[in-house]
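Take a look at the structure first.

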Amino acid sequence: MSEMHALVRRLYPLCRSITGSGLRRTLEVIGESIPLEISEVPTGTPVLDWTIPKEWNIRDAYIKDSSGTRIVDFAASNLHVVGYSVPVSATMTLEELRPHLHTLPGQPGLVPYRTSYYAETWGFCLSEDTLAGMGPGPYEVRVDSSLADGHLTYGEHVIPGRSAEEVLVSCHVCHPSLANDNLAGVAVATRLARLLAREERHYTYRFLFAPGTIGSIAWLARNRDRAGRIRHGIVLACAGDRGPITYKRSRRGDAEIDRVLAHVLRDRPHTLVDFSPYGYDERQYCSPGFDLPVGCLTRTPYAGYPEYHTSADDPDFVTEEAMLDTLDTCVRAFEVLERNRTYVNLSPYGEPQLGRRGLYESLGGRSDTKQAQMAMLWVLNQSDGAHSLLDISERSGLPFDVVADAAQALLVAGLVKE
């Protein structure tokens, strides 16, 4: 079994929520692959316009029929309980129980995912087929849970670069047994962090593993100054299904990360969509007060596949090939970010003589020598302090890495400066 798929399978059974022991255990498992700095934010702490809620933990939950058979069982799947359900111990008829039962009539064999974080209630999720087989009762109903003062927990992994400017990779880690949303994103991010750490980087890379919405809001509230260092960012989610890559632009729409993803994806099936204030945590990073250059990278977007937020989003639904493709997209995008610079031509009056500087010879033996020569001419012509290498690549139609290699050769020859 591959590394990323093994991590998805290992994390899948854990009962995660926006707080609690399942969330902490998830971060502990991630921390076995990449070291995490763990932060705990106490219940009642104001974070921007929100307040950290009580911590929720659950030990068991079930609905038993008159024979003592658990017809709905938290031990079989943690999706069977509505997230943040308050404790319950009662005997009820089906009529009394029915308002607390959630199904998917259009997908009768599947169990839905439901939560109630900020309104104290309780409920069970089950298949429509199971509900159809239930008689009038009575039923023994139990939710062995607790809502008490505690903490919200998130984890950060930082790869220091030469610059204090940061690239943010943010993943939500609050969903229980849902493989694509978002264990595949977690697995890709974890593997990406390990790859980036293999060599020195220009940017500092910050990986944030936090519960959705309230977690990113808490991080922003506690890191207002640090947020100003973020120059590029992606929210990584739904990274393992078989659909093509979808990139949702930042609020700015033309941020460098938006242009880089469009450039990297142009030669493979993909979809580019404009920003909207609905989705994952990009809407927090892109709120007008912060307006950070953060987009969202997924495969099939949220709610765009029938398995979304159902028991069908299991480890067999995500594939290693899809996660590797998502990983490759991230690596290629960050390589462009790392090398995308703006230069000034130090010999701007006429075309400098490249041959006497040994620049043509330095390209000898390359199959793309002519392409590299053209890249040098383009870099020299466009290096007026206003055009980045990405600008030059897009205008010339030349591959970005060829343009970046040409700029490096010209830099060493003393013909351009950053």
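## A cis bond in a helix

Let's start with Asn 182, which sits in helix H5 (residues 179-196); helices here are DSSP runs of H or I with at least four residues, strands are runs of E with at least two, and both are numbered from the N terminus. The peptide bond joining Asp 181 to Asn 182 is cis, with omega at about 20°.

A word on the source: this is a predicted model, where local features need pLDDT of at least 70, side-chain atom pairs count only at pLDDT 80 or more, and totals for chains, interfaces and linings use all residues. Residues are numbered from 1 along each chain as its sequence is written, and side-chain values use heavy atoms, with hydrogens and water left out.

Pro 138 belongs to the loop between helix H4 (128-132) and strand S9 (139-148). For background, most peptide bonds are trans, and most residues other than glycine have a negative phi.

Leu 48 has a positive phi, near 55°, in the loop between strands S2 (46-47) and S3 (50-51). Tyr 84 has a positive phi too, near 75°, and lies in the loop between strands S5 (70-73) and S6 (88-92). Buried or partly exposed? Leu 48 is partly exposed at 36% relative accessible area, while Tyr 84 is buried at 2% (buried is under 20%, exposed over 50%, partly exposed in between, with a 1.4 Å probe and protein chains only).

## Buried spots

Helix H6 (residues 214-222) has seven of its nine residues buried, so it is largely enclosed by the rest of the structure. Among the buried ones are Ile 214, Ile 217 and Trp 219.

Asp 241 sits in the loop between strands S13 (230-236) and S14 (245-248). Although buried, Asp 241 has no salt bridge, and the nearest oppositely charged side chain, Arg 299, is 4.8 Å away (a salt bridge needs a side-chain nitrogen of Lys or Arg within 4 Å of a carboxyl oxygen of Asp or Glu). A polar atom of the Asp 241 side chain does lie 2.8 Å from the backbone nitrogen of Gly 243.

Methods:
Lys, Arg positive; Asp, Glu negative; His and termini not counted. Polar contact = N/O pair within 3.5 Å; in protein donor to acceptor, adjacent residues only side chain to side chain.
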